[in-house]
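Me: I would like to learn how to read a structure like this one, feature by feature. Could you walk me through it?

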Amino acid sequence: MFSPLRIRTYKRLFSAQVIALAGTGLTTVALALLAYDLAGGNAGQVLGIALALKMIAYVVIAPLFGAVAQKLPRRSLLVTLDILRACVVAVLPFVTEVWQIYTLVFVLNVFSAGFTPVFQATIPDIVTDQAEYTKALSLSRLAYDLENLLSPMLAAALITIMTFDVLFLMNGFAFVLSAAFVLSVTLPARTDDSLGEPFWTRVTKGARIYLKTPRLRGLLALSMAVSSAGAMQIVNTVVYVRSHLGLAEEWVALAFAAAGGGSMAVALTLPGILSRVQPRSCMLFGGFVLSLSVLAGATMPGIPLLILLWFLMGAGMSMILTPAGRLLTQSSREKDRPALFAAQFSLSHACWLVTYPLAGWLGVQVGLMGAFMVLGSIALLSVVTAALLWPRQDPDYLEHTHHAVTHGHYHYHDEHHQHEHEGWEGPEPHHHTHRHSHKIHEHDFVIDDHHIYWPK
């Protein structure tokens, strides 16, 4: 499970991820309590709008970073974004108005929208063995679970001896430490293969690959299920625990921690499971678990059962989210990987953009029972949709046809470019008009510049 940590560069990056996410977990709890402090019973609606602004930043900014990241030094970019995030978080303790929450959350997540996909796309360049990469994905999933488990538990302890404002400052310090770890490694050099491509083509490339790949369309539907369940938990837990159950702030943190506990339990065992079970089966099963957990919340349980349901929901989310990186790597060439990871980041968070404000609005307008029922039903319908979009038989190697074409673009001499030269074309990658003859063949198939449609 922990063997990827023997790779020095990955160990340093993993440490950076753990520290940054642990700090972010403190901010998640502190932000919920700050919203309750400013808005009382309407905290769910305030938090829903703030998190919707977070998703807008993710949806709009991530593809732009995906287009330019290939042209920028990765280490410098990651360090700069960490420092900028630290500066923004340090301002949150001084917030006195709801609109200030909205502004700072948006700016903070503009920088996160650049950091996260670049970081995720870097890992398969460092951990190249598939079995080790699967373990690395599970370790990364565990790092995200620290945001939902250990950080809220730490927050529950800290807010008994200090105000929650201090949690924001601790998150700022965590971002600075994360930047220091990234600065301590040398990341693999990457060749820019986007020469000559218009900027808008590079911005949309990841989404075009994503939406033309059947397994990734299924992943997008599962992302809607995750966001429906997760929005109910993140937006309405503080209102449910504080207003409906009448419990203290510490129980809010423990309820958040329950979801992280379920996710962590699954992430620890998933590499072994995925060596025997196809990702499709694992991910669909996880979708059904999280959907039914949210629907069961409509019984309006007490705190023990709520913690159990949130634990099961977290387990279901981990069954979906942990293998997602493997699907993205399987579905792309190395040169297209940053764009595809950015597309996954953007499209999955577009789902959260819908469900975050919906969860807040439902909690206020139709009550928490109605919110459980509606969001649980959306999650269940999304899982069924994923099962229909993602073919049961999903081989890597596919037979397909290349029609004859003459065109020009920057290229290397790979399996699709074997042609005569006249001596003026220059070093690779180079650009000149060349012809592809008609042929039918079979190989590891992904959508790219020469495979623009999925074979039927």
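Reply: Gladly! Buried residues make up 56% of the 456 residues in the chain, where buried means under 20% relative accessible area, exposed over 50% and partly exposed in between, with a 1.4 Å probe and protein chains only. This is a predicted model, in which local features need pLDDT of at least 70, side-chain atom pairs count only at pLDDT 80 or more, and totals for chains, interfaces and linings use all residues. Residues are numbered from 1 along each chain as its sequence is written, and side-chain values use heavy atoms, with hydrogens and water left out.

Me: How many helices and strands are there in the chain?

Reply: Helices (H or I, at least four residues) and strands (E, at least two) are DSSP runs, numbered from the N terminus. The chain has 15 helices and 4 strands. Of its contacts with a separation of 6 or more, 83% join residues 24 or more positions apart; contact means heavy atoms within 4.5 Å.

Me: Which residues touch the most other members of the largest nonpolar core?

Reply: The general idea is that, in soluble globular proteins, nonpolar side chains tend to be buried together. A nonpolar core is a set of buried Ala, Val, Leu, Ile, Met, Phe, Trp, Tyr and Cys residues joined through side-chain atoms within 4.5 Å. Here the largest core has 117 residues, and L290 and W310 touch the most other members. Helix α9 (residues 214-244) gives the most to this core, with 15 residues. A second, separate core of 6 residues includes V266, L270, C282 and A315. Beyond four places in sequence, the contacts of L290 include A225, V226, A229 and M313.

Me: At what angle do α9 and α12 pack?

Reply: Axes are lines fitted to C-alpha atoms, for helices over the stretch in contact, and angles run from 0 to 180 degrees between N-to-C directions. For α9 and helix α12 (residues 303-321), the angle is about 155° and the axes are 10 Å apart. The two helices are therefore roughly antiparallel; the cut-offs are under 35 degrees for roughly parallel, over 145 for roughly antiparallel, 65 to 115 for roughly perpendicular, and oblique for the rest. Among the residues that meet there are L222, V226 and Y240 in α9, and W310, M313 and I320 in α12.

Me: Is N171 buried or exposed?

Reply: N171 counts as buried because its relative accessibility is 1%. This residue lies in helix α7 (residues 165-183) and touches A20, G23, T24, T27 and V89, not counting residues up to four places away in sequence.

Me: Which residues does Y102 touch?

Reply: With residues up to four places away set aside, Y102 touches V46, I49, A50 and L53. Y102 belongs to helix α4 (residues 98-126) and is buried, at a relative accessible area of 19%. Its C-alpha atom is separated by 9.0 Å from that of L47, 55 residues apart along the chain.

Me: And how many disulfides are there?

Reply: A disulfide is a pair of cysteine sulfur atoms within 2.5 Å, and by this rule the count is 0. C282 is buried at 7% relative accessibility, and C351 is buried with a relative accessible area of 7%.
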